[in-house]
Amino acid sequence: MTKQQANWSPYDNNGGSCVAIAGADYCVIAADTRMSTGYNVLTREYSKITKLADKCLMASSGFQADVKALQKLLAARHLIYQHQHNKQMSCPAMAQLLSNTLYYKRFFPYYSFNLLGGLDNEGKGCVYTYDAVGSYERAGYSSQGTASTLLMPYLDKMLKSPSPLLLPAQDAVTPLSESEAIDIIKNAFAAATERDIYTGDKVEIVILNAHGIRREYMELRKD
Amino acid sequence: MFRNQYDTDVTTWSPAGRLFQVEYAMEAVKQGSAAIGLRSKTHVVLACVNKASSELSSHQKKIFKVDDHIGVAIAGLTADGRVLSRYMRNECINYSFTYESPLPVGRLVVQLADKAQVCTQRSWKRPYGVGLLVAGLDELGAHLYYNCPSGNYFEYQAFAIGSRSQAAKTYLERRFENFMDSSRDDLIKDALISVRETLQGEKLKSSICTVAVVGVGEPFHILDQETVQQLIDAFEIVGEDEPPAPEQGEAAAPDQGEDAPAPAPAPAPSPAPAADEGAAPMDI
Amino acid sequence: MDQKPSNCGLPSLEADSQRTLYPYVTGTSVVALKYKDGILMAADMGGSYGSTLRYKSVERIKPIGKHSLLGASGELSDFQEILRYLDELILYDNMWDDGNSLGPKEVHSYLTRVMYNRRNKFNPLWNSLVLGGVKNGQRYLGTVSMIGVNFEDNHVATGFGNHLARPILREEWHENLSFEDGVRLLEKCMRVLLYRDRSAVNKFQVAKITEEGVTISQPYSLKTSWGFSAFKNPTLGAEGSW
């Protein structure tokens, strides 16, 4: 029998986009809920956002199986941390752990594009943005995933954040209010969905502030 | 002075069919300060007495969270207890990694017992010198187990281990029939009274006891000291008014009962006479 | 000199292989949905050797323990290997004899780890699996692919079913489907697959799992009509065709 399939690949791209914005005392992190493979939509209700610690959330797009493995690994590591230290991991600590975890698989990477959002030890919003092999930086806002190239310039324009090139370094956190940030995210996803076939169905928005965690949803185009 | 010929090795039987080293390990459990557990249909409460080994030191931790649905209280060698609770934590993490659901309590207890049993059958090992009260919740309800160094395990409605635990057991035996339908707070109250029973006249304060709860809708957690003090005050169970009757035999021993690995003389006096008393205490 | 191009230390995929690099005997789509009392699942009984219809009575839906139902498309030998894993898993679970048992959620999670671990070893199990079940009144329906991609949904399908059955299910599925309506909906999907998926055969099993347990139907076939004129002469009226 002749071989009928193309060569097997251990990777797939299941699409999806994520956005996170840090404010002075809040952090908003959002992702669409579509999961697709090629031109197929696998499901319209897959949450890409997980809670890693009380004040730390991760949104991930890319290859779902890798993302799931990464989430489970971090959850287990966080349990161990809690047993050993009797407290929740801080967001900056989790950011470093995520980087190390990704780099550990540098030569067979997790095909996942992550955003970490949360509150730091001072209660200030923080966003960390990654590549698949673990290099990361703290930012005031960021986007990841299949529509990141559409989302990022929109955020640049709307968020009135000081340029990261300014010297001395300015605080990257946006001066906007929580509700303004949420509106910007909703607009950004509505726009990205128009052009990116891998983004759509619904956007899940998670808001983290001193009061705790709140979730909002907005329907997106289903086509 | 006679010497016991059959107690130098864990794997050596006595002609009477006993393993002395294993029994000594179970003696170590009695040396530790008391730990108590009791359960209703929906909740399990663990409580323990904290004893500092010296005026200058703090006490050792005797209740450990294993997972959201399981916790343990220990009596005996705390160092062994820590090792075993780390093992249990790992088992829980591994199980939920594979199955995305909590490890059934009964299964963890069997795994733990099997681990203890191995140490009773290897010449190069020693049995764990710790008894564990395992409190947990699974789809079949609330459970309380006792694991002992011999590798035996038992499920209980209520139980107490450690020094002067007999007083607590006596109290629990009088009351256990009502526990099944007890509220969470009533269980805590009974736990605190049981703790007081073991204190022999000392005043019950939150500084000398720890209480932990697990139940439906309530992940395992150790109550903080203020909460415990408030409960003690609310229940008016300070103690001292009723000094519990000294226990048979045990009370006589100057109880240095603390969980630090006490210098070895402890087992020597009691087991030797026990050797010719017949019934093997193996299954307790 | 004259070296083979290195592939970055990844295991060589072609030379004297002990892995599934491509499937031999395959089953086609599985379609499943939640209905009022549980899960319904359907699959045909064909086993294809490339484009040859090699086997005609392959059972591709199997019960797993008391609460779960597993359907598979893809390499049939790999599916049988998976069944051996699960037999062992359920056996060990029963041996505890303590009243606890693995539900569909646990089995699905386990399968997800098995599939993903095998892909990590570059030695995949060449299947798309559908796992459905009911335990403690909770319905569960999920799927796993050969590289470990997994999700839950109210209705799922593998292979061609993703293209042809799921659009129908998205139109017509609702939370309170009765058993009869559920079977009718599945049959509608299977009929479309039969018409348009060349490796589908007209011999099916439909399986049901509820709190009471598993029932897998005897094989049966669907009524089809090929009398539609465009089927008889598909190029009639098409300019420039023979």
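**Strands, a helix and the cores**

Modeller: Let us begin with strand β1 of chain B, in which B:Ala35, B:Gly37 and B:Arg39 point one way while B:Ile36 and B:Leu38 point the other way, and all are buried. A residue is buried if 20 or more other C-beta atoms, placed from the backbone, lie within 10 Å of its own, exposed if there are 12 or fewer, and partly exposed in between. Helices (H or I, at least four residues) and strands (E, at least two) are DSSP runs, numbered from the N terminus. This is a predicted model, in which local features need pLDDT of at least 70 and side-chain atom pairs count only at pLDDT 80 or more, while totals for chains, interfaces and linings use all residues. Residues are numbered from 1 along each chain as its sequence is written, and chains are lettered from A and ligands numbered from 1 in the order in which they are written.

Biologist: How do side chains lie along a regular strand?

Modeller: In a regular strand they alternate between the two faces of the sheet. In β1(B), residues 35-39, five of the five residues are buried.

Biologist: With which strands does β1(B) pair?

Modeller: Two strands pair if DSSP finds at least two bridges between them. β1(B) pairs in the antiparallel sense with β2(B), residues 43-49, over five bridges, and B:Arg39 stands opposite B:Val44 there. A hairpin of three residues joins these two strands. β1(B) also pairs in the antiparallel sense with β8(B), residues 158-161, over four bridges; here B:Leu38 stands opposite B:Ala158.

Biologist: How is a helix read?

Modeller: An α-helix has 3.6 residues a turn, so residues three or four places apart point the same way. In α2(B), the buried residues include B:Gly81, B:Leu84, B:Ser85, B:Met88, B:Arg89, B:Cys92 and B:Ser96.

Biologist: What covers the buried residues of α2(B)?

Modeller: Their cover includes α1 (64-85) of chain A, together with β3, β4, α3 and β5 of chain B. Such contact is counted when the C-beta atoms of two residues, placed from the backbone, lie within 7 Å.

Biologist: Why does the length of α2(B) agree with expectation?

Modeller: The expected span is 1.5 Å times one less than the number of residues. The 22 residues of α2(B), 78-99, should therefore span 32 Å, and the end C-alpha atoms are 31 Å apart, which agrees. Just after this helix, B:Glu100 takes a positive phi of about 50°.

Biologist: What is the order of the strands in the open sheet of chain A?

Modeller: Five strands form it in the order β10-β1-β2-β11-β12, with antiparallel pairing. The edge strands, each pairing on one side only, are β10 (141-145) and β12 (212-219) of chain A. Within the sheet, seven bridges join β2(A) to β11(A), and A:Ala30 has A:Ile205 as its bridge partner. Helix α4(A), residues 178-195, packs on the sheet, touching β1, β2, β11 and β12 of chain A, and its direction makes about 15° with that of β2(A). For such angles, axes are lines fitted to C-alpha atoms, for helices over the stretch in contact, and values run from 0 to 180 degrees between N-to-C directions.

Biologist: Which residues touch the most other members of the largest nonpolar core?

Modeller: A nonpolar core is a set of buried Ala, Val, Leu, Ile, Met, Phe, Trp, Tyr and Cys residues joined through C-beta atoms within 7 Å. In the largest, of 119 residues, they are A:Ala20, A:Val28, A:Ile185 and C:Met41. Helix α4(A) gives the most to this core, with seven residues. Apart from it lies another core, of 75 residues, among them B:Ala28 and B:Leu108.
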